[in-house]
Every structure is written in C-alpha cells, then in structure tokens.
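Visitor: Hi, could you walk me through this one? I'd like to ask things as they come to me.
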Amino acid sequence: MYFQHIYDKSLAQASYFIGCQKAGVAAVIDPKRDVDTYLEIAKQNNMKITHILETHIHADFLAGSRELAALTGAEMYLSAEGGPDWKYEFPHVDIKDGDVLKVGNLKIEVVHTPGHTPESISFLLTDTPASDEPVMLFTGDFVFVGDVGRPDLLEKAAGMKGTQDAGAKQMYQSINKFDALPEYIQVWPGHGAGSACGKALGAVPSTTVGYEKIRNWAFQHKNDEAGFVKYLLEDQPEPPKYFAMMKKLNKVDRPLLTAVPKLKQLDYNELTAALEKGIKLIDARDKTEFSKGFIPGSINIQGNNSFATWAGWFLTYEEPFILLADESQLDDLTRKLMRIGLDNIHGYIPSTKIWEENGGSLEKVNQINIEEFKTLQQEKDVQVVDLRGVAEYNAGHIKGADNVFVGTLVNNLDKISKDKKVLIHCQGGDRAAIAYSLLARNGYKNVLNYSPGMNEWMSQNNAIEY
C-alpha cells in the first residue's frame with residue numbers, strides 16, 4: 001500500500017492519496033481544488049487515479065473531485081445517504097453504508113456517520129495483503145483529534161433552521177458506532193487545528209480509536225446524550241460567510257477550473273478604472289507594511305494561512321477583485337482563493353509604487369500603544385471595540401468594550417461611532433488590521449488601532465471582565 005497525507009495549512013484541510021502499488025491504481029479522498037498535487041504524486045509513483053471519494057458535501061472548501069475526474073477519467077464515489085435533500089446533482093457513483101470498494105488489493109468499506117451533516121460517511125480501509133483486519137479510518141468531519149464535527153453549520157451558515165439539534169443527536173449515535181471499533185485503528189480526519197469545523201481540534205495529523213476514547217471530550221458523555229448535545233453546540237466559533245456558498249457549489253454542477261490561472265498585471269489606467277467602478281483592492285501585504293502606507297479604499301487581508309478564510313468573509317462570488325501582492329506570492333494566493341471558489345480575480349499590482357508614481361497619496365494607520373490606549377480609555381467620548389468572536393469576548397474582555405466581530409463588521413457599521421474616538425483591538429492585531437481598513441474604506445477618520453490587543457493586555461495582568 002502507498003499512502004500520502006496532503007495538508008493545506010491555509011484551511012487546515014487534509015486529503016489523502018492511497019494506492020495499491022501492485023496494481024498501480026489509487027484513490028484520492030476529499031481532494032482540494034488545485035489538483036496538480038495529486039497528479040504529480042500519481043506520476044512519481046507510476047499510478048493511475050481510478051477512484052475519487054468524498055466524506056460529505058463540504059462547507060469549508062470547494063472540493064476538486066470534478067476537476068480531478070475530468071483530468072484522469074476516474075470515477076467519483078459519493079454518499080447517497082441523508083435523504084433526497086442531500087443528493088449530489090452531477091454524474092457520480094452512489095455509495096451507502098456497508099458498500100465495499102476495491103482499489104487494487106485495498107478494500108474500502110463505507111460507514112455512514114451522520115451528525116456533522118446527514119450524508120456524512122467515513123471510509124474504513126483494509127490492506128488485504130497485510131491483514132484481514134482494517135487499519136485506517138478516514139473520518140472527514142466526523143471525528144477529529146480531540147474533537148468531533150460541529151452540527152450547527154447547516155443552520156448558522158446555510159440557514160437551514162432546526163438542523164443543529166437533530167445533527168447533534170445523530171452525532172451522539174455515530175460516536176457510539178465509532179466507540180465499537182477496535183482501538184488499534186488509525187484515525188485520519190479531514191481537518192486539524194485552525195479549522196472552523198470544530199472548536200478544539202488537535203494539531204497532530206492523526207490519532208487512533210483507542211486514544212480518542214481516552215482523551216476526546218465526546219467520549220466522556222456515556223449515557224448522557226443531553227450533556228453531549230449541550231457541550232457540542234455551545235461556544236462554537238462563527239462560521240465564515242462563504243460556507244453557505246461552498247455547500248451549494250459542492251452539490252450542484254458548476255464550471256471547472258483544471259489549472260491554476262495566471263493573473264494579469266494591471267497598469268495605472270486599468271487600476272484606476274477598476275477602482276472607479278467599485279472593484280475591491282485586496283492588499284495582501286503584512287499588516288506592518290500596510291500600516292505604513294496604503295492605497296485609499298483598499299482592504300488589508302494578509303497573505304498568510306488565514307488569507308482565504310477572511311477573503312471569504314468580505315468578497316462575494318459575483319464581484320471581481322484586485323490583488324496587491326508581490327509576484328512571488330501570486331501562485332500561492334491564487335491557489336488559496338481557488339480552494340474556496342473565489343476565481344474572479346480582475347488582476348494584480350505588485351506594490352503601491354504604481355499609485356505613488358502617478359501622484360496618488362497613501363493613507364496610514366493610526367496606531368497606539370498600550371499606554372496611549374489606557375489614557376484614551378479614560379476619556380468621555382471614546383468607544384472601545386473588541387473585534388474578536390463572541391466566545392472569545394465572553395471568555396474575558398477589556399472592561400467597557402463593545403463586541404463587534406470583524407467578520408460581520410460591514411453589516412454592523414451602525415454600532416461603530418463616527419463621532420467618538422474609536423479604539424479597536426483583537427487578540428494579536430491581524431483582525432484589527434482588517435477592521436481598520438474596512439472602517440477607513442467606509443469613511444471613518446476617528447479610528448485608532450491598538451494592534452497588540454489582548455495578547456499584550458493579558459501579559460501585563462491588566463483587568464478584564466466576563
């Protein structure tokens with residue numbers, strides 16, 4: 001058996017390449033959309049990809065199953081569980097609980113594990129030349145290292161009312177099914193730490209059934225379904241805005257993108273014409289560089305591992321947008337955007353130089369340190385805005401701070417004063433940089449950024465309230 005774990009740090013998403021070396025055939029589980037990765041693995045190992053599997057209709061990334069099938073001729077084997085509302089709407093092979101797939105000498109059994117979503121399935125792998133006993137379980141968003149998949153995304157992200165409680169109860173039943181498996185089986189989940197598909201995912205890539213039964217909170221609620229459901233649903237992080245679109249695009253037929261596109265570099269006239277039309281400029285530079293000087297109206301979303309997630313909060317799937325990024329970053333950023341279906345890139349500029357050389361002025365971020373923050377905090381006409389998520393805010397915040405989550409900031413501008421001095425902060429500065437740029441874009445001239453945020457505030461033992 002050949003096995004390779006492929007991990008996308010930007011979305012904390014895992015996919016898997018599993019091959020039978022004797023037969024020269026392979027399966028890919030939950031492929032990302034830039035599928036050249038899998039084609040290269042197959043080429044290097046002299047294998048043909050014949051099977052493409054998905055654990056469920058994903059909400060957090062746009063699966064590359066159809067792109068990979070178009071390029072390889074492989075069949076897609078997708079869940080037929082969950083009822084008529086959970087049918088994939090493009091050609092594929094239906095699979096259900098108990099079905100067995102053969103990939104050369106490898107045997108893959110389908111196990112229905114609903115909870116995260118009604119159609120969710122896991123794949124139990126047996127390497128038949130080595131043993132008749134199963135060796136690996138690919139769980140998708142069912143069981144993670146230290147956590148289980150959240151059942152509230154359908155309700156919170158896709159607007160499907162009344163689904164989270166039903167999903168939590170289904171998850172409880174699926175957990176009992178997992179609990180009955182042999183303890184030695186390796187568990188390979190669909191996500192790791194940093195994913196919004198759970199609230200306490202571990203950072204190591206895999207685990208075992210036995211270890212999860214010891215350490216995973218979900219297995220500490222035997223004969224306590226109500227306690228399990230309560231803990232599973234409380235304090236889940238805000239689901240990114242783009243999740244609803246992923247649910248749709250992963251289910252319906254859609255245009256394919258079988259190669260990473262090359263972006264057009266815009267000249268000054270093209271840039272200004274686009275900006276005059278209202279096309280957004282996403283500045284992917286580090287927040288420190290952005291703060292020193294930025295093109296008015298641009299939005300700072302740093303090109304780090306969180307780039308795609310935040311882009312999904314502030315860009316729609318209909319609008320074109322422009323990137324400001326060094327040419328060396330373009331392939332990486334384009335791939336990150338592809339993985340959530342944001343393909344409508346109008347072009348790019350490599351720096352602010354083109355703007356300055358043509359007489360354009362730059363704006364700067366008004367930064368303040370902790371001493372300035374404390375002084376201003378005491379003034380009468382001041383508003384402190386904590387940009388973190390609700391659960392983070394409730395776990396401890398600066399006294400008197402209003403909570404406006406950065407992801408929903410544009411829809412809550414009425415909560416931000418245009419008359420008072422507004423002091424913004426988050427945990428460590430990244431979200432505050434986004435927020436500052438959004439507020440500046442919306443005409444706010446009264447914002448001061450306390451970039452070190454709660455990290456510095458807590459390290460100096462300043463008071464917080466709950």
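Guide: Happy to. Let's start with an open sheet: 4 strands form it in the order 18-17-19-20, with parallel pairing. Strands here are DSSP runs of E with at least two residues, helices are runs of H or I with at least four residues, and both are numbered from the N terminus. Two strands count as paired if DSSP finds at least two bridges between them.

Visitor: Before we go on, what kind of model is this?

Guide: This is a predicted model, where local features need pLDDT of at least 70 and side-chain atom pairs count only at pLDDT 80 or more, while totals for chains, interfaces and linings use all residues. Residues are numbered from 1 along each chain as its sequence is written, and side-chain values use heavy atoms, with hydrogens and water left out.

Visitor: Remind me, what do strands of a sheet pair through?

Guide: Backbone hydrogen bonds, and the pairing can be parallel or antiparallel.

Visitor: Let's jump to the other end of the chain. How many residues of strand 4 are buried?

Guide: In strand 4 (residues 48-53), 5 of the 6 residues are buried, so this strand is largely enclosed by the rest of the structure. Buried means under 20% relative accessible area, exposed means over 50%, and partly exposed is in between, using a 1.4 Å probe and protein chains only.

Visitor: What does strand 4 pair with?

Guide: Strand 3 (residues 25-29) pairs with strand 4 in the parallel sense over 5 bridges. Strand 5 (residues 75-79) also runs parallel to strand 4, joined to it by 3 bridges.

Visitor: How does the chain cross from strand 3 to strand 4?

Guide: Through helix 1 (residues 36-44), in a right-handed β-α-β crossover. Right-handed means that, with the strands pointing away from the viewer, the path from the first strand over the helix to the second runs clockwise. Strand 4, helix 2 (residues 65-72) and strand 5 make a right-handed β-α-β unit as well.

Visitor: Which loop does Asp30 lie in?

Guide: The one between strand 3 and helix 1. Asp30 has a positive phi of about 55° although it is not a glycine.

Visitor: Is Asp30 buried or exposed?

Guide: Asp30 counts as buried, because its relative accessibility is 3%. Compare the loop between helix 1 and strand 4, where Asn46 lies. Phi of Asn46 is also positive, near 55°, in a residue other than glycine, but Asn46 counts as exposed at 69% relative accessibility.

Visitor: And what is Gln13 in contact with?

Guide: Leaving aside neighbours within four places in sequence, Gln13 is in contact with several residues, among them Asp30, Lys32, Phe61 and His191. Contact means heavy atoms within 4.5 Å. Gln13 lies in strand 2 (residues 13-20) and is buried, with a relative accessible area of 1%.

Visitor: Zooming out, how is the protein chain divided into domains?

Guide: Into domain 1 (2-251), domain 2 (268-357) and domain 3 (370-465), with bounds that come from an automatic or database domain assignment. The C-alpha centres of domain 2 and domain 3 lie 24 Å apart, and their contact takes 14 residues from domain 2 and 16 residues from domain 3.

Visitor: What area do domain 2 and domain 3 bury between them?

Guide: About 1,200 Å², 69% of it on carbon and sulfur atoms. Buried area is the accessible area (1.4 Å probe) that two parts lose on being put together, summed over both. On the domain 2 side, Lys287, Trp310 and Phe314 supply 40% of the area buried against domain 3, more than any other three residues.
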